[in-house]
Amino acid sequence: MRLTVDGTGHDVPDALAGQSLLRVLRDVLDVTAAKNACEEGECGSCTVTIDGELACACLVPAAQADGSAVETAASLAGADGALHPVQEAFLRTGAVQCGFCTPGLVVAAADLLRRNPDPSDADVREGLNGNLCRCTGYQKIVEAVQLAAQETGP
């Protein structure tokens with residue numbers, strides 16, 4: 001199998017094809033930006049994009065991602081280390097508390113803004129409904145996405 005993860009190509013032994021993409025990312029490729037929380041697709045902590053489509057990496061068999069481009073929250077920062085506007089907005093609004101859910105939320109938020117650069121609060125809540133946060137109560141997260149939309153909007 002061949003995966004491109006955050007812009008870097010990786011050969012993965014075919015014997016791991018039945019493992020979840022999350023297990024391959026974390027345990028084989030040492031890519032820890034996708035968090036391992038529920039392994040049931042319920043929390044969104046492992047949210048990545050696969051060829052530009054959102055997915056819970058814990059639900060995707062690694063074989064299904066063969067030949068694909070997988071992007072985690074780590075890929076959002078610029079080559080110069082500058083944070084993506086969504087990452088910056090999460091910090092500025094205090095949307096980061098324990099931080100465990102943050103990578104998945106940031107990936108989902110960036111995807112939402114790519115599809116809808118001017119979302120309403122309801123759009124943000126709907127766009128992030130697959131991502132659970134136990135710390136923030138979501139208001140700061142919605143504020144962060146709205147701030148990022150203002151800074152990157154049309």
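I looked up the surface charge first: Asp118, Asp121, Asp123 and Glu126 gather in a patch of negative charge. For such a patch, like charges are joined within 9 Å, among residues with over 30% relative accessible area and no salt bridge. Asp and Glu count as negative, Lys and Arg as positive, with His and the chain ends not counted; the place of a charge is CG of Asp, CD of Glu, NZ of Lys or CZ of Arg. Areas come from the Shrake-Rupley method with a 1.4 Å probe, only the protein chains shown counting as cover.

The model is predicted; local features need pLDDT of at least 70 and side-chain atom pairs 80 or more, while totals for chains, interfaces and linings use all residues. Residues are numbered from 1 along each chain as its sequence is written, and side-chain values use heavy atoms, without hydrogens and water.

I placed Asp121 in helix H4 (residues 121-127); helices are DSSP runs (H or I) of at least four residues, numbered from the N terminus. Asp121 is partly exposed because its relative accessibility is 40% (buried is under 20%, exposed over 50%, partly exposed in between).

Next I checked salt bridges (a side-chain nitrogen of Lys or Arg within 4 Å of a carboxyl oxygen of Asp or Glu) and found seven in the structure. In helix H3 (residues 102-115), Asp111 and Arg114 sit three residues apart and pair at 2.4 Å, N to O. Asp111 also bridges to Arg115, with the closest N and O atoms 2.9 Å apart. Asp111 is buried at 7% relative accessibility, whereas Arg114 is exposed at 54%.

Last, I noted a salt-bridge network linking Arg23, Asp27 and Glu39.

Methods
Patches are made of residues with over 30% relative accessible area and no salt bridge: like charges are joined within 9 Å, nonpolar side chains (Val, Leu, Ile, Met, Phe, Trp, Tyr) within 5 Å. Helices (H or I, at least four residues) and strands (E, at least two) are DSSP runs, numbered from the N terminus. Buried means under 20% relative accessible area, exposed over 50%, partly exposed in between (1.4 Å probe, protein chains only).
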